[in-house]
Amino acid sequence: MTLDRPTAIAATGLRKSYGEQTVLDGIDITVPEGTVFSLLGPNGAGKTTTVQILSTLIEADGGSVRVAGHDLATDADGVRGAIGVTGQFSAVDNLLTGEENLLLMADLNHLDKQEGRRRAAELLERFDLVDAAKKNPMTYSGGMRRKLDLAMTLVGDPKVIFLDEPTTGLDPRTRRTMWEAIRNLVAGGVTIFLTTQYLDEADELADRIALLDHGKIVAEGTSDELKRLIPGGHIRLQFTDAAELDQAARTFAGSTRDDAALVLQVPSDGDVHSLRSVLDHLDVASIEVASLTVHTPDLDDVFLALTGHPAEARSSAEAGDESAETAADTVDTAEKENVR
Amino acid sequence: MSTLALAARDSRTMLRRNMRRWARYPAMTVQLIALPVIMLLLFAYVFGGTLGAGLGGEASARADYIEYLVPGILLMTVAAAIQGTAISVAMDMQEGIIARFRTMAISRGAVLTGHVIGSFLQTLVGLAIVLGVSLAIGFRPSANAMEWLGAIGLIALFAVALTWLAVALGLSAKSVETASNTPTLIVLLPFLGSGFVPADSMPAGLSWFAEYQPFSPVIETVRSLLLGTEIGNNAILALGWTVVIGVFSYLWAMKLFRRPPVR
């Protein structure tokens with residue numbers, strides 16, 4: 001669907017190492033304009049390093065990069081003029097007010113005074129920061145800071161936006177606000193390069209996802225393509241008595257039964273046809289089902305299958321104060337069964 | 001707009017940012033200007049009588065000492081201000097916003113230029129206040145307009161050089177605490193020079209250091225311009241030190257600033 005679009009980000013053979021430690025081991029990335037590309041991986045996989053290279057902060061040891069038509073090696077300023085970056089570490093001036101931060105960005109983007117004021121007011125409105133405009137960001141909540149941070153990035157109307165773990169440490173409600181903002185940007189034609197360690201976030205937002213592990217891209221594709229890489233989809237039928245379970249087990253050949261839990265798992269790729277066929281069979285045989293859930297393999301399964309370790313694995317040093325949110329999120333993403 | 005015009009505009013924006021930050025956090029500015037004023041009053045009124053007598057003046061020892069003292073205090077004002085520069089640069093580098101600036105199409109040096117110009121203006125304000133207090137307590141220089149211009153010009157040049165040094169120190173500091181400690185040594189230099197007592201009144205080794213360290217020739221040149229004392233080779237030494245410190249610090253600061261960010 002995106003093949004005919006021009007390329008916003010093209011990186012080939014990107015390498016970076018710090019001393020002995022190889023952080024990026026030759027990665028290739030192609031992001032068509034107006035799409036969301038997500039780099040998914042655990043901490044230490046090289047996500048932030050990739051963003052730092054693509055956003056001109058650090059130089060790669062090897063490889064070539066074009067961003068928005070500008071060559072990173074020869075025209076870094078051209079790249080800078082086309083991009084915006086919002087990282088997981090807040091990049092706001094803590095001694096200026098929210099509004100002053102936005103006006104500072106307007107000045108640095110060389111907007112004239114009137115245009116700058118208009119833009120700042122519009123962004124404050126858009127991110128629900130009008131009441132906090134005259135306040136110091138130190139008094140903001142984590143979510144407000146992140147919103148201000150993104151608003152500052154948007155002052156310059158960037159064509160390509162790098163979001164380095166934009167929702168790490170945010171509460172679920174603010175996460176949704178950020179997701180909504182990101183979707184709106186894409187609707188406006190902006191290209192998004194998103195790094196995340198949250199599988200559901202990539203699933204929710206990205207057109208294409210690359211799984212990064214130990215500096216290498218281990219798989220790339222749409223969320224569905226990645227999920228198809230591994231088997232494991234099934235429809236789970238819950239019964240109230242053993243007789244119904246017996247009858248159902250006879251109806252669906254190849255199914256797996258769990259007598260203790262009164263559960264039957266019917267293999268399925270999770271699409272509507274297979275679901276309808278199961279329902280029809282139940283109907284014809286007049287089998288009473290207490291509940292039915294569809295289990296499709298999620299990115300978590302994919303990551304585990306491809307790398308041998310779960311994506312949420314974090315080093316103890318980095319877990320720190322965010323461990324609570326991460327734990328909550330793990331529970332969230334681990335809910336593999338979507339109740340219909 | 002041309003590259004130069006853009007660089008000027010970005011530097012102006014950064015300057016405005018620094019001014020605003022100081023306005024939000026004025027305690028440091030006040031403290032840095034108060035230090036030389038307190039030193040001036042302390043040395044004039046507490047030590048002045050005795051030190052002035054030691055300089056050879058009998059009848060008007062204190063008044064003579066104030067004349068001797070003020071050029072040293074003016075340079076101490078410069079030294080005190082750069083401590084603030086080092087701290088504010090170090091504080092700034094710890095803010096994520098610097099990384100943001102690096103990913104924007106703005107003039108590379110604008111962040112530093114903003115700091116340097118801002119600190120320089122702050123130093124000028126400090127100098128004006130200290131000079132005002134000096135005149136109020138009886139400092140009566142004999143200089144004509146040209147000599148005033150020369151003295152102020154030299155102090156200003158020296159201030160620019162030291163400000164770049166402060167920027168480099170601020171950039172190289174691993175923490176804000178380090179950034180505030182290192183320049184303390186610089187603030188002490190006027191004491192280990194001819195700022196408060198003549199260098200030749202010190203023990204041999206110290207006297208040699210006191211005579212040739214950067215502050216002494218600058219202080220002596222200012223003293224000579226304002227009060228008509230013997231200038232000797234001090235003007236040359238002063239300019240030499242200023243250029244050496246300025247160029248070295250500028251290059252050092254730029255190198256440090258281009259260094260990739262480490263997280």
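**Note on the predicted A–B model**

1. Start with helix 10 of chain A, residues 272–284. It has 13 residues and reaches 18 Å from its first C-alpha to its last. That is close to the 18 Å expected at 1.5 Å a residue, where the expected span is 1.5 Å times one less than the number of residues. Helices here are DSSP runs of H or I, at least four residues, numbered from the N terminus. After helix 10 of chain A comes A:S286, with a positive phi near 55°.

2. Ground rules. This is a predicted model: local features need pLDDT of at least 70, side-chain atom pairs count only at pLDDT 80 or more, and totals for chains, interfaces and linings use all residues. Residues are numbered from 1 along each chain as its sequence is written, while chains are lettered from A and ligands numbered from 1 in the order in which they are written.

3. Confidence. The model scores ipTM 0.81 and pTM 0.77. Chain B has a mean pLDDT of 86, with 97% of its residues at 70 or more. pLDDT is the predictor's confidence in each residue, from 0 to 100.

4. Domains of chain A. The assignment gives domain 1 (7–228) and domain 2 (234–295). Such bounds come from an automatic or database domain assignment. Over C-alpha atoms, the two domain centres are 44 Å apart.

5. The contact. Chain A puts in 23 residues and chain B 20; residues count as in contact if their C-beta atoms, placed from the backbone, lie within 7 Å. On the chain B side, helix 1 (3–24) and helix 4 (97–102) each supply at least two residues. Helix 1 of chain B gives the most, with 7 residues.

Key:
Contact = placed C-beta atoms within 7 Å.
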